[in-house]
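Hello,

Here is the structure you are taking over. Please open it first, then read the notes below.

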Amino acid sequence: FDGMAYVKCIMCSCIYNSPQLTVDLSEEYNLYRQKLVKPDGLRKQLNQAKYEQINSWFKWKGEYLDVGCGNGQLVEIFNNCGWKAEGVDPLINMKFEDYKTNTSFDCISFFGLLEHVNTPLYFLKKALSYLNRKGIMVIEVPNADSFLMKYIKETGFSPYRFIEHTRHLSFWSRKTIDYICSQFNLE
């Protein structure tokens with residue numbers, strides 16, 4: 001697509017660019033800061049919906065970590081609703097690689113982050129070290145099994161906002177998620 005080569009993993013059906021791009025994160029963060037994390041009404045509605053869905057899985061207000069929290073709007077919603085929430089993002093405080101805490105979280109989320117990093121399993125493994133034994137991890141990534149991806153493969157049409165070939169390094173399938181869960185002993 002768009003002059004980039006993509007490979008499908010025969011074990012888990014993840015689609016990724018090959019050779020794997022090395023992302024200049026300083027440039028990535030500048031683009032992100034300028035174009036993607038400006039607060040607006042639609043983003044706030046989406047974050048409110050994310051909060052309501054996650055909160056519905058709990059009978060208590062617990063500890064929440066949002067990795068790649070952008071402008072921190074979702075963290076603010078969680079805090080305003082009685083959770084003890086914090087976020088990690090290089091735009092506002094630090095890279096997750098540098099993050100350290102003694103807190104054990106009830107919920108850790110990765111919304112639109114793991115497809116941008118070369119080492120997503122490292123991020124997940126680190127996050128799991130902070131997750132309560134019965135905690136929940138929420139992952140949102142572009143879907144390799146989606147109708148849109150199937151359409152792209154059949155027609156060659158490449159909607160940039162979905163593919164983002166220089167930014168989206170991987171597209172995860174359901175088999176990818178299942179494989180990761182089996183590797184980390186997760187349900």
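**What was found**

Cys107 is buried, at a relative accessible area of 0%. Cys181 is buried too, at 17%. Buried means under 20% relative accessible area, exposed over 50%, and partly exposed in between (1.4 Å probe, protein chains only). A search of the whole structure gives zero disulfides. For that search, a disulfide is a pair of cysteine sulfur atoms within 2.5 Å.

A word on the source. This is a predicted model, where local features need pLDDT of at least 70, side-chain atom pairs count only at pLDDT 80 or more, and totals for chains, interfaces and linings use all residues. Residues are numbered from 1 along each chain as its sequence is written, and side-chain values use heavy atoms, with hydrogens and water left out.

Now the chain. Buried residues are 44% of its 187 residues. Its secondary structure has seven helices and seven strands. Helices (H or I, at least four residues) and strands (E, at least two) are DSSP runs, numbered from the N terminus. In sequence order the pattern is β-β-α-α-β-α-β-β-α-β-α-α-β-α.

Which residues form a nonpolar patch on the surface? They are Ile10, Met11 and Tyr179, with about 370 Å² of accessible area together (Shrake-Rupley method, 1.4 Å probe; for residues, only the protein chains shown count as cover). Nonpolar side chains are joined within 5 Å, like charges within 9 Å. Met11 sits in the loop between strand 1 (6-8) and strand 2 (15-17). Met11 counts as exposed because its relative accessibility is 56%.

Best wishes

Note on methods. Patch = residues over 30% accessible without salt bridge, like charges linked within 9 Å, V, L, I, M, F, W, Y side chains within 5 Å. Salt bridge = Lys/Arg side-chain N within 4 Å of Asp/Glu carboxyl O.
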